[in-house]
Amino acid sequence: MEPEDTAPPEQADTSSGAGPDQLPLRLDPAVRPVHYDLLLDIDVERGTTGGTVEITLVLGTAVDALRLHAIDLEVVSATVRSPLEGPTAATVTAHPDDEQIVVGTGSPIGAGPVTLQLEWRGTLSNELVGLYRSTYTEVDDHGEERVRSLAVTQFESTHARRAFPCFDEPALKATFSVSVVADASHLVVSNAAETGRTALTDGRVRVDFARTMVLSTYLVAIVVGPLEVTELPPDVRRRSRVPIRLVHRPGQGHLCGFAFRVAAAAIDFLEDYYGLAYPGDKLDLVAVPDFAFGAMENLGCVTFREVLLLVDPDEATPADLQRVADVINHELAHMWFGDLVTMRWWNGLWLNEAVAPFMEVTASDSFRPDWDCWTGFGLLRAAAFDTDSLPSTRPIEYPVLTPADAEAMFDVLTYEKGASVVRMLERYLGPERFRDGIRSYLAQHAFATTETTDLWDALETATGEPVRRTMDAWVFRGGHPEVLVEPTDRGVRLDQRRATAGPTSTADDPPWPVPLVVTSSVGGVVRTDRVLLEEPAELDLGGRPEWVQPNTGGDGFLRTRMEPDAALRLASADRPALERFVLLDDAWAGLLAGHTSADHLLDLVAEVAPRSDDPSVWRRVAGILEDLDRLAGPELARRTADLAGRLSRDRLEAIARATPEGTEPDEERVRTVRAVAVALAGGTGADPEIRADARRRFELGVGDAALRSATLAVVARMATPTEHREIERRWRTADNPQDQIRYLHHLADTPEPDDLRRTLDLALAEVRAQDRPYLLRRALQHPTLGSLVWDQVESRWPEVTAGCSASGLARMLEGVTRCTDRALAGRIGAFLVEHRPEATARTVDQHLERMWVSVMVAERLRAG
């Protein structure tokens with residue numbers, strides 16, 4: 001392993017912006033940690049923590065003092081030891097504004113090996129970062145409730161410093177030997193395998209763990225509490241022998257089987273794809289009752305929200321199962337791409353979080369090819385397009401200076417746009433050549449840290465293509481292109497402009513190098529051409545094409561624009577599901593931008609829907625019609641509802657004809673499309689028969705999981721007070737995480753103002769802090785009562801934000817993007833300019849921009 005710089009060139013000035021009383025934002029690159037001996041004393045019931053750490057350092061030069069990270073900790077002693085001078089008591093000066101401490105001995109500390117010993121005291125956090133408290137309610141055999149507590153870590157991005165003093169930068173990787181003192185009745189897990197357990201005189205126990213491989217501090221993990229372990233069942237087929245366990249609340253072992261199958265298949269798939277063995281000595285998947293994110297890729301100790309790990313396949317919808325598989329695959333992909341090879345600084349976070357969703361979908365597609373995962377990914381990519389078309393978009397990679405900057409990286413542009421660009425590159429280079437480049441990159445940089453350009457260089461070597469030049473244009477620049485397609489008598493003319501959410505002038509925007517695979521049909525003969533489009537180009541096809549598909553496979557991160565008749569001809573061609581999805585999504589973007597009419601959009605939907613049996617295409621059909629109904633004036637809304645009802649009824653009748661009477665459809669995909677059609681017919685389509693049948697099914701609880709979910713959606717939108725109370729009762733008594741979240745979210749759909757107020761009271765008094773943002777987001781999206789919800793949010797802002805992370809608050813505020821009333825939008829904007837969280841200010845600004853797009857589009861459509 002080669003010595004590495006700790007900062008990329010653009011970050012080298014670590015003192016930039018520091019005032020006279022501020023420390024440099026970055027730690028001294030001359031001081032490098034090598035190993036941590038970490039002992040944590042955790043009293044879960046009292047909520048107290050403390051411990052000692054001995055950090056082995058190597059100093060490249062003499063320094064006046066040692067500077068490292070710590071916040072919300074009381075450091076009570078410090079000792080510096082070197083081979084020449086032995087142990088020396090040191091002073092500790094805290095700089096809480098900089099989240100750092102300075103340890104000094106009164107004289108310079110010489111170059112070479114040095115050991116720093118620290119002792120500290122702290123408390124469990126009530127936020128969902130650092131070392132924090134999570135709780136659940138246990139009911140005993142007599143029906144008595146008891147609140148149980150556990151301690152959980154969440155250190156990404158810059159929160160390890162809240163648990164123990166450390167060098168909390170990703171480039172400063174070191175090995176860790178972790179020990180934990182805890183209640184003897186509590187389970188204790190960490191990154192590595194347990195190596196010893198010692199009973200202490202006070203009745204507690206010390207648990208020791210094996211030394212880890214080199215890790216960044218944000219990947220260290222510890223979970224302590226009244227939990228139980230389920231071991232991998234012996235009948236799960238796999239090649240890898242990595243020990244796999246699930247950790248969860250007592251009594252949830254029956255919900256582990258699906259996660260075990262996914263994890264075992266994922267390890268086998270990823271070891272083969274990456275060409276490297278799993279880098280840890282074991283794998284624990286830990287279900288946490290309170291968790292701010294979806295999951296966290298701590299090596300060997302991956303933490304999850306319960307709803308994204310524990311599932312009953314007999315009660316879950318196909319979408320539920322795929323979501324669990326996707327999240328497991330995402331986190332396990334990180335064991336190599338992120339843990340084994342780590343970004344050098346937070347500006348490179350996007351590469352970890354772009355490759356992981358790419359690998360997540362690739363692994364899920366291998367696990368269940370019938371899910372057609374890449375078509376489903378189109379739904380997530382659409383959200384990235386929405387944000388990236390705004391003036392306030394940002395490059396995928398940009399300079400990161402502060403902890404707030406690092407937190408702001410966790411957004412749709414890092415994840416979905418980043419993954420889309422990686423997928424586009426893979427399809428252009430070819431899957432095998434792309435995989436060879438990934439393998440070379442991981443092998444070359446294992447146990448080290450990298451810059452983005454290291455990956456491009458590995459891919460260039462493997463393929464001979466100009467990857468760095470091409471990708472720099474996509475990574476270091478915000479926005480994306482719209483490819484203009486014009487059929488000619490001899491072929492097709494291609495050009496590009498910047499895609500926008502409105503009629504913003506883009507004449508001065510430089511072009512992107514757009515890797516296109518263009519498929520066309522001339523005289524019934526289909527051909528494919530590869531084009532790297534930078535300047536206007538004409539393809540000679542030998543005649544006027546019947547149809548042209550410039551985004552073959554639908555994998556390019558680009559919009560396409562063509563005349564309505566050309567789009568309709570393409571819609572009638574026999575093309576893959578993802579291309580149909582993209583055709584609809586591009587037309588919807590055109591409507592928002594003002595260059596596609598609502599009439600053409602309805603015509604296109606009417607052409608695509610009957611020709612497709614793909615669940616993702618049908619979800620996009622339903623989403624377009626539901627959104628158009630929200631934005632439209634009375635006449636357009638009527639036509640939209642009529643089309644929604646007709647398309648969904650036709651699909652339901654076709655499914656019924658193909659299914660023997662008294663039986664259910666055999667194929668999961670067919671059942672899923674049926675559920676989408678039921679929800680569309682009973683919602684936007686306002687079909688009275690579907691609504692009556694939904695009420696009957698809801699009361700009886702009949703149908704497969706997808707159909708039950710669809711009927712719940714229909715009933716919730718028209719729920720009487722009695723039905724609303726029943727949904728609330730089912731939320732409280734649900735016996736699996738998926739149903740619990742499903743019933744909770746649909747409490748926000750009620751048409752009754754009093755019931756919606758009750759839901760908001762529940763959100764602020766009873767709903768977990770991790771779930772509150774999602775419930776409030778849904779409530780803010782209410783088609784008729786959004787103003788009522790905003791009144792409550794604004795007047796109860798301290799309650800809304802209590803215990804809510806900055807990222808959670810940003811997710812909640814995404815709900816305002818559906819507002820179509822100009823006066824309400826003005827109130828929302830004025831309030832949020834003053835109250836948005838610093839760490840996610842850019843994301844909130846983007847929500848406000850999208851809100852104003854909704855207002856303007858609604859006004860345009862309602863004006864005729």
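The chain carries 91 positive and 135 negative side chains, and the centres of these two sets lie 3 Å apart. The model is a predicted one. Its chain contains 26 helices and 29 strands. With a radius of gyration of 28 Å, close to the 29 Å that the globule rule gives for 864 residues, the chain is as compact as a globular protein of that length.

**Overall dimensions and packing**

- Along the principal axes, the C-alpha atoms of the chain fill a box of roughly 85 × 70 × 55 Å.
- Of the 864 residues in the chain, 61% count as buried.
- Where contacts in the chain link residues at least 6 apart in sequence, 71% of those contacts join residues at least 24 apart.
- The chain has an accessible surface of about 33,200 Å², and carbon and sulfur atoms account for 49% of that surface.

**Cysteines**

- The structure contains zero disulfides.
- For C301, the closest cysteine sulfur is that of C256, and the two sulfur atoms are 15 Å apart, which is too far for a bond; a disulfide requires the sulfur atoms to be within 2.5 Å.
- C301 has a relative accessible area of 0% and is therefore buried, the cut-off for that class being under 20%.
- C373 also counts as buried, because its relative accessibility is 2%.

**A cis peptide bond**

- The peptide bond joining E156 and S157 is cis, with omega at about 5°.
- S157 is located in the loop that runs between β10 (145-154) and β11 (175-183).

**Positive phi at residues other than glycine**

- D372 is not a glycine, yet its phi is positive, at about 50°.
- This aspartate, D372, is found in the loop between α3 (349-367) and α4 (373-388).
- The relative accessible area of D372 is 23%, so the residue is classed as partly exposed.
- F447 likewise has a positive phi, of about 70°, although it is not a glycine.
- The loop that holds F447 lies between α7 (431-445) and β22 (449-450).
- F447 counts as partly exposed because its relative accessibility is 41%, a value that falls between the limits of 20% for buried and 50% for exposed.

Key. Residues are numbered from 1 along each chain as its sequence is written. This is a predicted model: local features need pLDDT of at least 70, side-chain atom pairs count only at pLDDT 80 or more; totals for chains, interfaces and linings use all residues. Side-chain values use heavy atoms; hydrogens and water are left out. Buried means under 20% relative accessible area, exposed over 50%, partly exposed in between (1.4 Å probe, protein chains only). Helices (H or I, at least four residues) and strands (E, at least two) are DSSP runs, numbered from the N terminus. The radius of gyration is taken over C-alpha atoms; the globule rule is 2.2 Å times the number of residues to the power 0.38. Contact means heavy atoms within 4.5 Å. Accessible areas come from the Shrake-Rupley method with a 1.4 Å probe; for residues, only the protein chains shown count as cover. Lys and Arg count as positive and Asp and Glu as negative; His and the chain ends are not counted. The place of a charge is taken as NZ of Lys, CZ of Arg, CG of Asp or CD of Glu.
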